[in-house]
Amino acid sequence: LREILVVGASGFVGRAIQDHVLADGDSSRFTFTYRTTPGAIHSGLDRIRLDLLDPASAAQAAGAPVVLWVAGNGDHGLAARDPARDLALTAVSLLALLSRIGGSLCMLSSAATYFGLTGPVDEEVDHVSPIPYGAAKQAAETYARWHRAAGRLAALRIYRLMYAFGPGELPRRLVARCAAAARGGEPLRLVGGGRSFLNPLPVSFVAGALVQTALDLAAGRAGPEAVNLNHPDRWTVMDVVHFLRTVAEFPCEVIEGGEEWPVTFWGSTDRMVAELAARGESFPEVEAALRRCFETMIEETTR
Ligand SMILES: NC(=O)c1ccc[n+]([C@@H]2O[C@H](COP(=O)([O-])OP(=O)(O)OC[C@H]3O[C@@H](n4cnc5c(N)ncnc54)[C@H](OP(=O)(O)O)[C@@H]3O)[C@@H](O)[C@H]2O)c1
């Protein structure tokens with residue numbers, strides 16, 4: 001294994017990490033994992049097969065000095081339909097990793113841990129998520145913190161992400177659904193009046209933050225254990241849809257009510273702002289990134 005092991009590198013965020021590392025020219029320091037599809041890892045990158053729920057395969061992760069975890073279940077619906085499977089993918093698989101590593105861990109968790117709260121939420125809030133998806137993320141975080149407190153991890157960073165968008169996102173995601181509607185597919189159907197907060201970030205920005213943290217951990221720099229990862233500007237689902245309709249028109253049906261898990265909160269961004277400022281960086285401009293992503297998605301599937 002190389003110095004930094006990216007677990008879940010074949011997924012949506014993982015592929016953005018591959019792109020970032022390839023563009024940055026630091027690829028010799030990274031190993032990337034896939035579970036089912038070797039082709040999901042760029043041929044120019046070091047790759048291994050890793051299935052954390054298979055003990056023989058999980059042993060492959062042993063001794064990795066720095067791990068960047070972007071695996072786990074990302075589907076809220078699956079968590080409600082099959083909470084045991086969600087818990088296995090998110091928490092049991094992380095435990096399988098934690099039991100085999102002793103270096104540093106940067107894990108991508110979710111702001112779904114804040115479900116039930118309203119308004120800005122800071123990282124140290126004392127709260128239990130009432131939905132299965134958030135509960136499994138919280139369990140995974142708790143096990144990671146326990147390993148860190150017991151000295152079994154050298155350092156830990158938990159990022160709580162609200163929403164990443166970008167080319168390659170799944171068809172069920174918002175921008176992809178808007179692009180499908182703009183191409184003449186099903187009209188977009190928005191429940192809950194589209195009032196849920198997204199405060200979205202381009203997946204390329206998320207990947208950059210994760211890679212920077214992995215490099216910091218490799219250099220012995222840790223910083224706060226938990227950091228919210230969302231744009232400081234408040235963007236609801238409807239705000240995103242309104243903006244995208246100025247780029248290319250598409251039919252949209254807005255339904256009041258009917259949203260099972262309304263997002264009434266967003267992460268406060270003081271910690272992330274401070275980290276970016278220390279590097280002379282700032283949050284990206286959402287509109288330009290949304291426009292690029294939307295136009296690319298419309299083009300790709302009309303070609
Ligand atoms: N995307 C977002 O906006 C967002 C927001 C908040 C939090 N998150 C969290 O961030 C993480 C990554 O998100 P994503 O959108 O990139 O998800 P994703 O596309 O579903 O990627 C998940 C990755 O985990 C791998 N994986 C699944 N089971 C595994 C196992 N047993 N052993 C090793 N690897 C396994 C998958 O490999 P296979 O494809 O081969 O199964 C895939 O590479 C998820 O935990 C998600 O909940 C994402």
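Which residues does serine 129 touch, not counting residues up to four places away in sequence? Hi everyone, let me start there, and please keep in mind that this is a predicted model. Serine 129 touches Ala112, Thr113 and Phe115, and also Gly134, Ala135 and Gln138. You will find serine 129 in the loop between β6 (119-121) and α5 (132-149). Despite being in a loop, serine 129 counts as buried, because its relative accessibility is 5% and the cut-off for buried is under 20%.

Now to the ligand. Around the ligand there are 27 residues, and the closest are Ser10, Ala71, Tyr133, Lys137 and Arg173. Arginine 173 places a polar side-chain atom 2.6 Å from an oxygen atom of the ligand. For tyrosine 133, a polar side-chain atom lies 2.8 Å from a ligand oxygen atom. With phenylalanine 12 the backbone takes part: one of its N or O atoms lies 2.9 Å from an oxygen atom of the ligand. How much of the ligand does the protein bury? Taken alone, the ligand exposes 900 Å², and the protein buries 86% of that. As for the elements in the shell, α1 (12-24), β5 (104-110) and α5 each give two or more residues. The largest share, three residues, comes from β5.

Next, helix α9, residues 270-278. Its buried residues are Met272, Glu275 and Leu276. Why do these sit on the same side of α9? Because they cover an arc of only 95° around the axis. In general, an α-helix has 3.6 residues a turn, so residues three or four places apart point the same way. What covers the buried residues of α9 includes β7 (155-161), α7 (203-218) and β11 (226-229). Just after the helix, glycine 280 takes a positive phi of about 70°.

Last, the cysteines. How many disulfides does the structure hold? The answer is zero. Take cysteine 178: the closest cysteine sulfur belongs to cysteine 252, and at 7.3 Å that is too far for a bond, because a disulfide needs the two sulfur atoms within 2.5 Å. Cysteine 178 is also buried, with a relative accessible area of 0%. Cysteine 106 is buried too, and its relative accessible area is 0%.

How values were computed: Residues numbered from 1 in each chain as written. Predicted model: local features only at pLDDT ≥ 70, side-chain atom pairs only at ≥ 80, totals over all residues. Heavy atoms only, no water. Buried < 20%, exposed > 50% of the residue type's maximum accessible area, 1.4 Å probe, protein only. Helix = DSSP H or I, 4+ residues; strand = E, 2+ residues; numbered from the N terminus. Arc of directions from axis to C-beta. Contact = heavy atoms within 4.5 Å. Near = heavy atom within 4 Å. Polar contact = N/O pair within 3.5 Å; in protein donor to acceptor, adjacent residues only side chain to side chain. Areas by Shrake-Rupley, 256 points an atom, 1.4 Å probe, with all protein chains shown as cover.
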